[in-house]
Amino acid sequence: MSKIILTGDRPTGRLHIGHYVGSLRRRVQLQNSGEYDKIFIMEADAQALTDNADNPEKIRQNIVEVALDYLSVGLDPKVSTLFIQSQIAELTELAFYYMNLVTVSRLQRNPTVKTEIKMRNFEANIPVGFFTYPISQASDITAFKATTVPVGEDQAPMLEQTIEIVRRFNNIYGPTLVEPKILLPDNAACLRLPGIDGKAKMSKSLGNCIYLSEDPKDLAQKVREMYTDPTHLRVEDPGHTEGNVVFTYLDAFCSDEQVNAMFPEYAGLEEMKAHYRKGGLGDMKTKKLLLAVLEEELAPIRARRAELQKDIPYVLEVLRKGSEVAREAAAQTLSEVRHSMRIDYFGDSKLG
Ligand code: TRP
């Protein structure tokens, strides 16, 4: 069986380093591993509209921003198909059929949707489209016969929902859809990167992000402001590395070699952490290392973005071509679905 990747993001803002360690960096590695037959990366604009119906301009503008982020981290349109969800009409038709296989109470139990409903203060005014987006996400995944879905931890409930739909569908209509597997980041620090304020998750609405396109000055400022350990007042004081954002980011971004190159007194990050816990290592020093490491990672991304920005028609062309390729793949699956469901009245299972 072919190995196929599908994943994506809602284009509601530029992507940040939480997206990067949670998924983007991995996608590029998977792409470059050469192990996958097909890779589809989707801008989920239709899903973004489920809670932004009154603000389509925001989504429209971020289509290009997210494409720039994709290309500048190293997603290669010659290898990966980059496309826009709303351009694939087949996805909505699939979702319409899948809706019959899911109950309202099942949707109400989705923990990610529950959290999002609270965060958005929808209370009784949940848009139906928003409520049902896990079903539409099952269409996204199954339309491309994805075997592997690299995503962050918060997407696990969507994968469970998809697998349930696949099983139910295949059970009723015969084997048609492919069961996907989730691929989570292998590093715990990357599962849910906290914001620079140490609050839960990095997110645009909380204003605690470092963007992939962050300029060097703002990056330095954000590292300077970063939440560390409020009980670590003087350099000599013992400190906490758990819950200390600087160390969480070092876990996500920094190799032992990088620690050792800047501070030869430590063999690696664990030795540096031990020193911090014991006392005698100040936040200035830990932040200096973090800034250097982040700058090393982000500088080439920033440079590629600046280049690409000069040629937006190229970026749009990548998305247009990608959407054509994606549409063909989804149309193939849809015709198989219609056949299995016995609604292809004029096709190869003609009435009569
Ligand atoms: N829900 C994902 C997010 O919030 C975006 C998304 C839509 C997605 N469809 C998908 C991710 C299919 C993986 C597979 O970012």
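At what angle do helix H3 (residues 56-73) and helix H16 (residues 312-340) pack, and how far apart are their axes?

Modeller: Keep in mind that this is a predicted model. Two packed helices are described by the angle between their axes and the distance between the axes. For H3 and H16, the angle is about 90° and the axes lie 10 Å apart. Angles of 65 to 115 degrees count as roughly perpendicular, so H3 is roughly perpendicular to H16. Now look at who touches whom. H3 brings Ile63, Val64, Ala67, Leu68 and Leu71 to the contact. H16 answers with Ile312, Tyr314, Val315, Leu316 and Leu319. Sort these residues by class.

Next, the aromatic rings. The model has eleven aromatic pairs. One of them joins Phe169 and Tyr173: the ring centres are 4.7 Å apart and the planes stand at 50°, so the pair is tilted. Both residues belong to helix H9 (residues 156-173). They sit four residues apart there, so about one helical turn separates them. Their surroundings can be compared too. Phe169 is buried, at 1% relative accessible area. Tyr173 is partly exposed, at 27%. Elsewhere, ring pairs link Phe40, Phe83 and Phe144 into a cluster.

Charges meet rings as well. Lys3 lies over the face of Tyr36, 4.9 Å from the ring centre. Arg10 lies over the face of Tyr133, at 4.7 Å from the ring centre.

Notes: Residues numbered from 1 in each chain as written. Predicted model: local features only at pLDDT ≥ 70, side-chain atom pairs only at ≥ 80, totals over all residues. Heavy atoms only, no water. Phe/Tyr/Trp six-rings, centres within 6.5 Å; stacked < 30°, edge-to-face > 60°. Helix = DSSP H or I, 4+ residues; strand = E, 2+ residues; numbered from the N terminus. Buried < 20%, exposed > 50% of the residue type's maximum accessible area, 1.4 Å probe, protein only. Lys NZ or Arg CZ within 6 Å of the ring centre and 35° of its normal. Axes fitted to C-alpha atoms, helices over the stretch in contact; angles between N-to-C directions. Parallel < 35°, antiparallel > 145°, perpendicular 65-115°, else oblique. Contact = heavy atoms within 4.5 Å.
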